[in-house]
Amino acid sequence: MTSTASTNLTVVVSSQIEYYGEYLGIFRNNYTAVHGYLSLIVCVFGISANILNIVVLTRKSIISPTNAILTGLAVADMLVMFSYLPFAIHNYIRTDLPKAEKYSYGWAVFTLFHAHFTVVFHTISIWLTVTVAIWRYMAVSCPATNLNWGSMIRAKYAIISTYVNCVVFCIPMYLTFTVREIEENRVLIYNVDFSEIAKEKNGLLQKVNFWIFSVLTKLVPCVALTGLSFGLIRVLYQADLRKQRLKNRVESDRSCDRTTRMLLVVLLLFLLTEFPSGILALLSGILGESFFHQVYLNFGEVMDILALINSAINFIIYCSMSRQFRDTFAQLFMPKIVSQWKPYPADPNSTHATTFV
């Protein structure tokens, strides 16, 4: 996440105001007062919601390649929020901790682990979103070949390869940061800082790490999803034209359109929450450290909460747009006694109505 690596990172900010850094710093200070509580609510809801997603999407009655990828997405999102929960409590809610406890060695090690863990699984979440978009686009644009390549075994390979490749892809990040000991007012504190390897050759690894994770993992998926989203919109528009020409339209076509619209909402929400951080990251790479320190870092917590909301809200989208998801959820979690209730037969000789709640 954006603020993870920067919260405990010692940086020197230029006193020259070029990008309204002073005002953005005031904004950040005001927002961080509520960020911890807001992220706590989003994480608790999101973890619960993604557990429900996993339970519902893995039922035999609705299992499919697309739902399998959405299950892998729910697992990645849930793990990101599991890690962010203690991070938010420690850094934004427990503000009265002594400095030695707030920046203890154990907490610095957790912060380093949290930085790696969240970046890896958020990257997995991003590329699984791209995967499900490609999967759906191929399914609706080339339905004749979908049975050949869109099988469950291929979906499992796509999920496993995404998890494995993202772990390997993040190796430069593992080498970029380390835990560093600092003595401040005779108190030993521990921060996450750049490693010696990262500082070598004029900070080459720092720059490579920034461009890979702040730009390639943000802007490239966003651009790809933008194109796929327009493609899905075009397919839906063509389907609506066919629907107007054909009076008797099969139910399977309607179900296909509903699923595509639901996934399109998921993709558009992803773009709304991830595109801003990608644009800011690109500008940081182009405009340099001054923009990074004055703008990018001051929006760190805002970008974090947007990413958390994106990870938590899919359950609401599924419930509101997928009848199959709602029916399966109701069968699993509605009390058995409710499903067994039957209307009491009315007495045909009686003029009084009987209502059961």
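Among contacts (heavy atoms within 4.5 Å) between residues at least 6 apart in sequence, 78% join residues at least 24 apart. The model is a predicted one, in which local features need pLDDT of at least 70 and side-chain atom pairs count only at pLDDT 80 or more, whereas totals for chains, interfaces and linings use all residues. Residues are numbered from 1 along each chain as its sequence is written, and side-chain values use heavy atoms, with hydrogens and water left out. The protein contains 16 helices and two strands, defined as DSSP runs numbered from the N terminus (helices H or I, at least four residues; strands E, at least two). Of the 357 residues, 46% are buried (under 20% relative accessible area, with exposed over 50% and partly exposed in between; 1.4 Å probe, protein chains only).

Leaving aside residues up to four places away in sequence, Ile124 touches Ala76, Thr162, Tyr163 and Cys166.

The structure holds 16 aromatic pairs (Phe, Tyr and Trp rings, the six-membered one for Trp, with centres within 6.5 Å; stacked under 30 degrees between planes, edge-to-face over 60, tilted for the rest). Tyr105 and Tyr190 are edge-to-face, because their ring centres lie 5.3 Å apart and their planes stand at 75°. This pair links distant parts of the chain, with Tyr105 in helix H5 and Tyr190 in strand E2 (residues 187-194), 85 residues apart. Tyr190 counts as buried, at 17% relative accessibility. Phe117 and Phe121 form a tilted pair, at 4.6 Å centre to centre and 45° between the planes. Both Phe117 and Phe121 are buried; being four residues apart in helix H5, they are separated by about one helical turn.
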